[in-house]
Amino acid sequence: MKNVKNTPKIDIHAHAVAFREYYPPHFPGQYESVFISAEQLIEFYDKLGVEKGILLPISSPEGQVSPMTSEACKYLVDKYPNRFDWFCNVDPRAFPNTKDGDLAHLIRHYKSLGAKGVGEITAHIAADDPKVDNLFSACEECDMPVIIHISPTYESGYGIYDEMGLPRLEKMIKKHPNLKFLGHSQAFWTEITGDIREEDRMDNPERKITEGGRVVELLRKYPNLYCDLSANSGSNALMRDPEFAVKFIEEFSDRVMYGCDICRPTNTHPYPFKEFLEKMLDEGKISAENYKKLVRENAIRILKLEE
C-alpha cells in the first residue's frame with residue numbers, strides 16, 4: 001500500500017490571500033488569525049502530499065473580514081500554476097441584486113478564464129431564497145459545480161441557512177438536477193447521523209453514527225449531491241465512527257472528495273485526517289481503488305481538471 005499512499009492528493013477546498021501583509025486579522029490584534037498566504041499553504045501541501053489545491057474565493061461580507069476575490073485567486077493560479085486551480089465566486093445578491101439578475105454572464109466570464117466551479121457560497125440568506133435559486137440556475141446553465149456552506153442559524157454567522165433536516169437544500173437539489181452540489185460545513189455534516197440534536201449543528205460531535213441520517217438519505221436520493229470532506233466538519237463525519245466510514249466510503253466511493261480547508265498557518269486538522277485515511281488503507285478497510293478516488297480521481301472527474 002506504500003505506493004498507493006503516495007498518490008498525489010487534490011485539495012478541493014483551499015483558501016489563500018494574495019497579499020497577506022495587507023490583510024486584516026480575523027480578530028482584533030490577533031495577527032496569527034490573518035488568512036494564510038499561498039506560499040504558506042504550499043508548505044502544508046508538501047507535508048500532506050497534496051499536489052494541487054482548488055482555491056475558493058469568499059465574496060460575501062459575512063464569510064470573512066475582508067472578502068477574497070475571484071481575481072485574486074486567478075492571480076495566484078497564474079503565479080503557481082502547478083499547485084493551484086480555482087473556483088470563482090458570485091454572491092447571489094450581486095448586481096443588480098434581484099431574483100432574476102443575469103448572474104450567468106459573470107460566471108461565463110470567470111469560466112472563460114479557467115474557473116472550475118463556483119464557491120464557496122457563504123451568503124447568509126435562506127438556501128431556497130429566490131436570489132440563491134437564481135444563482136443555482138446560473139451555475140447549472142454554465143455547468144459549474146458549487147461548494148455550499150450551510151449555516152444552522154439565521155441570526156449570525158455565514159452560509160446559506162437551512163433548518164435541521166435540510167429541507168431547503170433538498171428543494172434546491174431537486175429543482176436543479178444538472179447542478180453538482182458539494183456539501184460542506186458543520187450544519188451539513190452533522191446531518192450524517194440519525195440522532196442529530198440542534199446543539200450539534202454548530203459543533204463536531206464525537207458519538208457513534210446511527211442510521212437515518214439526512215446526508216445519507218439525500219445522497220441515495222439525488223445523484224447530483226457530492227461530499228466535500230474538508231475541515232473538521234467533513235473529516236469528523238468519518239473519523240468519529242471508523243466502522244461507519246468504511247461503509248460510507250464504499251457506498252459513495254464516486255462522490256467523496258478530499259479537502260483541507262486550511263485557513264491559517266496554525267491549523268493542524270489536516271494531519272489527523274491524513275493519518276486516518278492511510279491507516280484505513282493499511283488495514284485493508286478501504287480499497288486502493290477507493291482511496292485513490294477519494295484523494296484524487298473523483299476531483300479530476302467531477303471538476304473536470306486537467307492531469
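**Around the cavity**

Helix 7 (186–189) and helix 9 (231–239) each give at least two residues to the lining of the largest cavity. Helices here are DSSP runs of H or I with at least four residues, numbered from the N terminus. A cavity is a set of points on a 1 Å grid over the protein atoms alone where a 1.4 Å probe fits but cannot get out, and lining residues have an atom within 4 Å of a point. The model is predicted, so local features need pLDDT of at least 70 and side-chain atom pairs 80 or more, while totals for chains, interfaces and linings use all residues. Residues are numbered from 1 along each chain as its sequence is written, and side-chain values use heavy atoms, leaving out hydrogens and water.

Helix 9 supplies the largest share of this lining, three residues. Among the lining residues are Gln 186, Trp 189, Asp 203 and Arg 240.

Now for the rings. The structure holds 14 aromatic pairs, meaning rings of Phe, Tyr and Trp (its six-membered ring) with centres within 6.5 Å; planes under 30 degrees apart count as stacked, over 60 as edge-to-face and the rest as tilted. Phe 44 and Tyr 271 make a stacked pair, 6.1 Å centre to centre with 25° between the planes. Phe 44 lies in helix 2 (residues 38–48) and Tyr 271 in helix 11 (residues 270–282), 227 residues apart. Elsewhere, ring pairs join Phe 188, Trp 189, Phe 244, Phe 248 and Phe 252 into a cluster.

Terms used:
1 Å grid on protein atoms, 1.4 Å probe; cavity = no way out; pocket = protein on both sides within 12 Å on 5 of 7 lines; lining within 4 Å.
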